[in-house]
Amino acid sequence: ECFVDVQVLQSTQHTDGEMEYLLEVVDAYGADIASGTQLSLTSKSPYFLQTAHEYVLPLYQNAENWQLVNAAAPQLELTPAGELVYHNGWKSLKHADAQPLLYAKYGVDDYFYDRMYITEDAVLFAFLAEWEASRL
């Protein structure tokens with residue numbers, strides 16, 4: 001398992017509801033993936049990744065392709081303003097300066113729309129550096 005900072009280049013929804021994403025790697029933590037590498041990701045998550053947005057995704061690789069570690073929750077999103085949007089399940093990212101953020105509900109099974117937070121992206125990068133160092 002690893003964390004990969006990616007830019008979403010393209011998304012395609014299949015007839016079965018599965019999403020296929022083409023991602024470009026910005027940086028990787030816990031994996032040897034070069035910046036600029038393109039990855040294919042498939043997911044049945046109800047939380048779609050938006051084209052041209054940047055995310056830090058916890059991933060694992062199966063025999064065929066990359067998969068989200070927890071597809072049942074919104075992913076870590078980096079904003080152009082240097083902020084991090086995350087859900088309350090990321091206890092290690094909880095920060096005193098984090099502010100609640102109300103999102104539009106994705107559907108009846110959306111349990112996170114009112115449990116989102118926004119803070120500086122430095123909180124995430126500090127967590128990733130500590131996480132990666134603990135794996136050595």
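Contact means heavy atoms within 4.5 Å. By that criterion, residues 24 or more positions apart account for 53% of the contacts in the protein with a separation of 6 or more. The model described here is predicted.

The protein has nine strands and one helix. Read from the N terminus, the order of elements is β-β-β-β-β-β-β-β-β-α. Along the principal axes, the C-alpha atoms fill a box of roughly 40 × 40 × 25 Å. Of the 136 residues, 39% are buried. The accessible surface of the protein is about 7,600 Å². Carbon and sulfur atoms contribute 50% of this surface.

Empty space was examined next. Rolling a probe the size of a water molecule over the atoms shows where such space is left. The largest pocket holds about 220 Å³ of space. It is lined by 17 residues, and those closest to its centre are Phe48, Pro74, Glu77, Tyr103 and Tyr106. By class, the lining consists of twelve nonpolar, three polar and two charged residues.

Phenylalanine 48, one of the residues closest to the pocket centre, was considered in more detail. Phenylalanine 48 sits in the loop between β3 and β4, the latter spanning residues 54-61. Its relative accessibility is 29%, so phenylalanine 48 counts as partly exposed, as values between 20% and 50% do. Leaving aside residues up to four places away in sequence, phenylalanine 48 touches Gln13, Met19, Tyr21, Tyr55 and Tyr106. Tyr106 is also among the residues closest to the pocket centre. Tyrosine 21 is 27 residues from phenylalanine 48 along the chain, and the two C-alpha atoms are separated by 9.6 Å.

Alanine 52 belongs to the loop between β3 and β4 as well. Its phi is positive, at about 75 degrees, although alanine 52 is not a glycine. Most residues other than glycine have a negative phi. Alanine 52 has a relative accessible area of 54% and is therefore exposed, the cut-off being over 50%.

Isoleucine 33 is found in another loop, between β2 (19-29) and β3 (38-43). With a relative accessible area of 15%, isoleucine 33 is buried, because buried means under 20%. Beyond residues up to four places away in sequence, isoleucine 33 touches Val4, Val25, Ala28 and Trp66. Leucine 102 lies 69 residues from isoleucine 33 along the chain. The C-alpha atoms of this pair are separated by 34 Å.

Threonine 119 is located in a strand, β9, which covers residues 116-120. The relative accessible area of threonine 119 is 5%, so this residue is buried. Residues up to four places away in sequence being excluded, threonine 119 touches Glu83, Leu84, Tyr86, His95, Asp97 and Ala98.

Note on methods
Residues are numbered from 1 along each chain as its sequence is written. This is a predicted model: local features need pLDDT of at least 70, side-chain atom pairs count only at pLDDT 80 or more; totals for chains, interfaces and linings use all residues. Side-chain values use heavy atoms; hydrogens and water are left out. On a 1 Å grid over the protein atoms alone, a cavity is a set of points where a 1.4 Å probe fits but cannot get out, and a pocket is an open set with protein on both sides within 12 Å along at least five of seven lines; lining residues have an atom within 4 Å of a point. Grid points are joined across faces, edges and corners, and a volume is the space filled by probe spheres set on the points. Ala, Val, Leu, Ile, Met, Phe, Trp, Tyr, Cys and Pro count as nonpolar, Asp, Glu, Lys and Arg as charged, and the others, Gly among them, as polar. Helices (H or I, at least four residues) and strands (E, at least two) are DSSP runs, numbered from the N terminus. Buried means under 20% relative accessible area, exposed over 50%, partly exposed in between (1.4 Å probe, protein chains only). Accessible areas come from the Shrake-Rupley method with a 1.4 Å probe; for residues, only the protein chains shown count as cover.
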